Amino acid sequence: MKRFALRAMVLVFALCSIGGKECTPGVGASSQNSGLPFCHSDPPIFCAAYCSGYDSVTFKNECSSVGADTLEILFELKVMNLYQEQLNQDIHLCTQADPFTFVTPCQVGIIPQEWPNQDHEVCQPVPPGCPM
C-alpha cells in the first residue's frame, strides 16, 4: 500500500508540474455553507480523476454533470495525456484501485469557472480554487 501511495503522489506531482500555480486542493474553499447546492461550473465541483484498477484511470461521476463543458474535456485530456506519457516510459501510476486518492482540475492548472447569470437564491457561488 505504501508503494501505491508513493505512486499516487508521483502522479499528483507530475500533474502539478503541468499546470503548477493552483496545485493545492482546498485552496480558497468557501467558508459559506448555506445548505444550497453549488451553482453549475465547468469543470463541475468535485470532478476528479482516480485509479480504478491496474493501469486504469476513471473520472468521478461529478465530471459528467450538467455543468461539464470544454474545461472538463480539457481536464480529462490533460490527465489521460500525462498518464499515457508515463506509460510510454514504462511508469505505471495506477497499480491497483484507489478511489480515495484524487487528481483535481486545479492540480493540472484548470480552475473551475461558475456559469454566468446563475440565481444565487437557489444555488451557492462556486468557491474559488478547488473545493476538494
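A: Helices (H or I, at least four residues) and strands (E, at least two) are DSSP runs, numbered from the N terminus. Helix H2 covers residues 70–88, 19 residues in total, and spans 27 Å from its first C-alpha to its last. That is close to the expected 27 Å at 1.5 Å a residue, where the expected span is 1.5 Å times one less than the number of residues. This is a predicted model, in which local features need pLDDT of at least 70 and side-chain atom pairs count only at pLDDT 80 or more, while totals for chains, interfaces and linings use all residues. Residues are numbered from 1 along each chain as its sequence is written, and side-chain values use heavy atoms, with hydrogens and water left out.

Q: Which residues of H2 are buried, and which are exposed on the other side?

A: An α-helix has 3.6 residues a turn, so residues three or four places apart point the same way. Buried means under 20% relative accessible area, exposed over 50%, and partly exposed in between (1.4 Å probe, protein chains only). In H2 the buried residues are Glu72, Phe75, Val79, Leu82, Tyr83 and Gln86. Viewed down the helix axis, these buried residues fall within an arc of 100°, so they line one face of H2; the arc is that of the directions from the axis to the C-beta atoms. Thr70, Ile73 and Asn88 are exposed on the other side of H2.

Q: What does Gln86 contact beyond its neighbours in sequence?

A: Contact means heavy atoms within 4.5 Å. Gln86, at 12% relative accessibility, counts as buried. Leaving aside neighbours within four places in sequence, Gln86 is in contact with Ile91 and Leu93.

Q: How many aromatic pairs does a search of the whole structure find?

A: A pair of aromatic rings is described by the distance of the centres and the angle of the planes. Rings of Phe, Tyr and Trp (its six-membered ring) pair if their centres lie within 6.5 Å; planes under 30 degrees apart count as stacked, over 60 as edge-to-face and the rest as tilted. The search finds three pairs. In one of them, the ring centres of Tyr50 and Phe102 are 6.1 Å apart and the planes stand at 80°, so the pair is edge-to-face. Tyr50 belongs to strand S2 (residues 49–53) and Phe102 to strand S4 (residues 98–103), so the pair ties together parts 52 residues apart in sequence. Phe59 and Phe75 also form an edge-to-face pair, at 5.6 Å centre to centre and 85° between the planes. This pair links strand S3 (residues 56–59), which holds Phe59, with helix H2, which holds Phe75, 16 residues apart.

Q: Are Phe59 and Phe75 buried or exposed?

A: Phe59 is buried, with a relative accessible area of 15%, and Phe75 is buried at 0%. Phe102, at 24%, counts as partly exposed.

Q: Which residue lies over the face of Phe102?

A: A charge sits over a ring if NZ of Lys or CZ of Arg is within 6 Å of the ring centre and within 35 degrees of the ring normal. Lys60 lies over the face of Phe102, at 4.8 Å from the ring centre.

Q: What is the secondary structure of the protein as a whole?

A: The protein has two helices and five strands, in the order α-β-β-β-α-β-β along the sequence. Of its 132 residues, 39% count as buried.
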